Amino acid sequence: MKRRDFLKSVSGIAAGAVVPAPAIWSSAKADGRSETLLVVTEGGPNNLDIHGVGTNRPGYETSWNCYDRLITHETRTLPDGTLSYDRDKFKPELAEDMNIGDMSVTFKLKKNAKFHDGTPVTAKDVKWSLDRSVTVGGFPTVQMKAGSLVNKEQFVLVDDSTVRIDFAKKDRLTIPDLAVIVPSIYNSELLKKKATEKDPWALDYTKSNTAGSGAYKVTSWKPGVEVVYERHEDWVGGKLPQLKKVIWRTVPSQGNRRALMERGDADISFDLSSKDTSEMKKEGKLVIISNPIGNGMYSVDLNVKNPPFDNAKVRQAVAYALPYQKIMDAVMFGLANPLFGGPSNNVTDIAWPAKTGYVNDMAKAKALMAESGVSDIDTTVSFDLGAGDISEPIAVLVQESLAQIGIKTAINKVPGANWRSEMAKKSMPLMVNFFSGWLDYPEYFFFWCYSGQNAIFNTPSYVNPDMDVLIDGARAAAAIGDKEKYAKDVEGFISKAYNEVPRIPLFQPFLNVATQKNISGYVYWFHRQLDYRSIVKA
């Protein structure tokens, strides 16, 4: 897409007016009291199991609604009246109670909990599931490590309804990490029957089948088309949801999704573009909810393990060349918090996400390129087509700006279903990327994106022992309540990241959702997916 074509597209005809949207569920408007919810999004899951290899973000939604965790978060009302999870307050879900000791936590299970097939949930299932989380490898195992949950010996079977988790060390992220999606509880007896020597955790089976005790179960999945859920009538993890059925349709066209909502043929459109959000708010036909995504940012990431972006001067030149305000205006329509133009790259507080000191300064960018000794760069800028409404126009504007400092780029469009696996290869030299940390603490963001373990979300492959010392120091200080040491280390790792700039922050986006006016109970969650359990259709 050329920049002039992009700018023409964002200022032209309203989305939805060009191609008539198919009537995918004409009864939605006619039957407003139905206990069925129709959700439309751009993309759907590529895997129904959070533990699967390369499971995309839509796959998280299925795991969240179909599996229970031992604990979950309370909800709170935000100043604008919308609902959000409460980062600092927890409540039992599959557990009946939680007893936190000095170096362990003990959970007593609800006695009447059942899996979708009617099998009782026991402590053996919990132990097996947590063992799976720390053993299966990849993202799930690193996620557990973020809370210092690292080996099977930490999960102790006390009796048929009691499990104890021993702490590897004092870590304030351990309890929050038990409330994310990864430590879901699986029907271990069912999955043992589905396991093979090559697939001991039955990942092939759970890729397309759910095996949980959660509020919903998948009754039909047509990849790229729809997921159909039905309520688990014996769910005991919370109040039984009002919705008996949820149909989640994939509608790739942004205009079609908007038209379906405006006609009343769909109930919720999730992850709206900033353009649609801005326009639909003004029209007032639907309820529009926008929440800043906690611990999240869009960025331009540079692969530092290979030339030319192993050169810090080149990276800094790119940072000064980026058209930050154009991106905010033409792509985000102001619906984002800028992460550029701060007083300095050396921060003096622990607020996060923080602004860098970079601004668009072509003279400075060209001077840094000259100092780098590197010239005639020919590379690619990649982006996730699953987030193309934001990432593609950013890539176009980045391409245009970098050409002015002698960096020629070809745009690489990666299908959304393949984005996670492409990220894992660590081979893309330059990318438009988004990451948000589930646990809303700066040290958690840096654990994933900057630490020497070089996890999947460390897309620049940035490894620096001095950075690791600061990240580990902040985590250790937080565990014992040393606020002064914590602040020093957090300010240190943010400043180091911004000066060495393996990733260039652009903005903190909002998560935008449109609902019909008879829909209530939507809650913003750290995983940025829908929780059907709280939604009510009047």
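This is a predicted model: local features need pLDDT of at least 70, side-chain atom pairs count only at pLDDT 80 or more; totals for chains, interfaces and linings use all residues.

Residues are numbered from 1 along each chain as its sequence is written, and side-chain values use heavy atoms, with hydrogens and water left out. As background, most residues other than glycine have a negative phi, and most peptide bonds are trans.

**Cis peptide bonds**

- P307 and P308 are joined by a cis peptide bond, with omega at about 5°.
- You'll find P308 in the loop that runs between β13 (296–302) and α11 (312–321); helices (H or I, at least four residues) and strands (E, at least two) are DSSP runs, numbered from the N terminus.
- Going from W352 to P353, the peptide bond is cis too, and its omega is near 0°.
- P353 sits in the loop between β14 (336–338) and α13 (362–372).

**Positive phi angles**

- S148 isn't a glycine, yet its phi is positive, near 60°.
- Look for S148 in the loop between α5 (138–146) and β6 (155–159).
- With a relative accessible area of 5%, S148 is buried (buried means under 20% relative accessible area, exposed over 50%, partly exposed in between, using a 1.4 Å probe and protein chains only).
- D376 is another non-glycine residue with a positive phi, this one near 55°.
- D376 counts as exposed, at 72% relative accessibility.
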